[in-house]
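Open the model in your viewer and keep the selection panel at hand. The stops below say what to select next.

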Amino acid sequence: MERAEIITRVQDIFRDVLENDEIELSEETTSDDIEEWDSLSHIQLVVTIEKELGIKFTSYEITSWIDTGEMFDCIAKKLG
Amino acid sequence: MKSFTELKRNLKKDLSQLPKVKVTVVGDTATQFLATSIRGMGVEHGFNIELFEAEYNQVECQVMDPNSDLYAFNADYTIIFQSTHKLLEKYSLQKPELQVSLADERLDFIRLICQQVPRRIIYYNYPDIEDTIFGSFANQVQSSFTYQLRKLNYELMNIVQQYQNLFVCDLAALSAKFGRDYMFDSSVYVSTEMILSIDALPYVASRTMDIIAAAEGKIKKCLILDLDNTLWGGVVGDDGWENIQIGHGLGIGKAYSELQQWIKKLKNRGIIIAICSKNNEDKAKEPFEKNPEMVLKLDDIAVFVANWENKADNIHTLQSILNIGFDSMVFLDDNPFERNMVKKNIPEVTVPELPEDPGDYLEYLYSLNLFETVSYSEGDKDRTKQYQLETKRVSLQRKFTNEVDFLKSLNMVSEVKGFDLFNTPRVAQLSQRSNQFNLRTKRYTEAEITTIEENPNFASFSFTLADKFGDNGLICVIIMKRQDEKTLFIDTWLMSCRVLKRGMELFTLNTIVAWAKVHGFKRIIGEYLPTSKNRMVEQHYPNLGFVKIKDVDTTQYVLDINNYKPFDCYITSKIE
């Protein structure tokens, strides 16, 4: 999957789960940039991404990402 | 099942019109998502859940401290979720010689919870986690975690019989159905301390809300069944009663047999079974009468409707015979067209979306847990018979042109007494089930009924009604509260709709007025609190000669008992 496609799919999941259609993800988006993104909704996001993309993150990965760029890296790696 | 996201969205709706229920959630793991799911599932059940969530891992403090937030909030339902994970952690850190008393220790704490926490408690039992320290041999070792855990669940079933404010929510059964790999997500647990996976949450919330809804009187009373390809394989009209698919051996007949066994158990528990089929009636009855593989017999069916009318109209007919609300009915039909027809015309009826393969029917129906209840009494088993008798009474009535002659011919006898050990379960159950003939719709548990009986400020009456066709059992409950020396207030007046139009309410009033006179009271006040279902009794008090009281906020009536002339009625009182 191209990086651009990963970003679009993840962005759609963010919009859906956080119920905010104005969310735009970049490589440097952090939870400070999105009001609805807190530690609880993070879990909902992670589980939805796992389901939609058919991958599984480790417990360590879930808590390690500094920004969305690192999350995209992780997804890209898993999708091979 | 609605997803977690959908449940969360429910909370954005306007819930101000829904009845409010106060719920507390206390757990030893993170329960925020569970609490959200329960509120969202509450909306699905028609409740606005006002929720208090205690801080994480505060079960002991909240219960032990009389000044805790838990007691300050005073919830109608306190949900306590102590997880197997945390119990296992405790066990693993214990000295080996103490491990053998793990279950007993936790059971003592649960008893304490029941004594301390007011109102109703919902306690999750413990799904298995096999720690494989002993392998299967753990079954033989009393100090093993497996042994202690299963003992705990077993003893919990004994405790719940002692404390009537306690309800066990069967998380272990849910986990057995879906499996721990589905119920538990290790990465979610590690990063959040949440024990339930996002996918499991709606199911857990649903099982929890099932208990709350049942305790609030929302229960299913009747199962309406299609016949061809629902209760047996094939079409009886084409294939003949001897060639339908039913019975053991290889093949799909087995699935239908097992479905019928399930329905038979429901019938034995007191669920009314009705048939609604597009068939000729005699053809439709043939398998019940002639096919030896049929588990269900005509005796099991309270009302049998087989004709070529549309099913929505037929369900209206069933409703008028059974006198129960549409929302207490479940309709099973393999045909999506019929299902949609019923759903569209009578949206209150629950219509399960049966899977295509009849082999999947039963597991699917198990997953819905449609028949949750908070009470069960021996008399429930006779309900089908009573509805069959009612059909006989209706046909006798047609022979009489004069209502009085008909009532006289029934030879009705009523036994009047207070609440005792024997009838308390039934009294509580009626208070939870009766919606239509119920003036104030107050719901009572068995424990609350016992408290009322012991309180000298209350006068309580139960009435049975028998006639020449049979015994209806306990069908009417009156609870009166002493307001002052001269005044009684009718806290509860409810009656089963099975005995409408027999003059039972006249007999009831005669009885309570006579009692009030003997005890020196001058007046009885009645109140009507409207709900969506009790319009039937809107004019109950005026019809009985009560006079409306002005300048009060609710609809209240008063009866001056000095000038009371007993009504004529044709029921004899049976004195013990």
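This is a predicted model: local features need pLDDT of at least 70, side-chain atom pairs count only at pLDDT 80 or more; totals for chains, interfaces and linings use all residues.

**Cysteines**

Residues are numbered from 1 along each chain as its sequence is written, chains are lettered from A and ligands numbered from 1 in the order in which they are written, and side-chain values use heavy atoms, with hydrogens and water left out.

Select Cys569(B). Its nearest cysteine sulfur belongs to Cys476(B), 12 Å away. Cys569(B) is partly exposed at 22% relative accessibility.

**The chain A–chain B interface**

Show both chains. Together they bury about 1,300 Å², 57% of it on carbon and sulfur atoms. Buried area is the accessible area (1.4 Å probe) that two parts lose on being put together, summed over both. The contact (heavy atoms within 4.5 Å) takes 17 residues from chain B and 15 residues from chain A. On the chain B side, Arg9(B), Phe33(B) and Ser187(B) lose the most area to chain A.

Five salt bridges cross this interface. The rule asks for a side-chain nitrogen of Lys or Arg within 4 Å of a carboxyl oxygen of Asp or Glu. Pick Arg9(B) and Asp16(A): their closest N and O atoms are 3.3 Å apart. The pair runs from helix H1 (residues 4–10) of chain B to helix H1 (residues 3–18) of chain A. Helices (H or I, at least four residues) and strands (E, at least two) are DSSP runs, numbered from the N terminus.

Next, Lys56(A). It forms a salt bridge with Asp185(B) at 3.4 Å and another with Glu50(A) at 3.5 Å. Glu50(A) is buried, at 7%, and Lys56(A) is partly exposed, at 48%.

**Inside chain B**

Select Asp128(B) and Arg150(B). This salt bridge has its closest N and O atoms 2.6 Å apart. Asp128(B) lies in the loop between strand E4 (120–124) and helix H7 (145–162), and Arg150(B) in helix H7, so the pair ties together parts that are 22 residues apart in sequence.

**The sheet**

Finish on the eight strands of chain B that form an open, mixed sheet, in the order E15-E16-E14-E13-E12-E11-E10-E17. Strands pair if DSSP finds at least two bridges between them. E15 (547–548) and E17 (571–574) stand at the edges, each with a single partner strand.

Note on methods
A disulfide is a pair of cysteine sulfur atoms within 2.5 Å. Buried means under 20% relative accessible area, exposed over 50%, partly exposed in between (1.4 Å probe, protein chains only).
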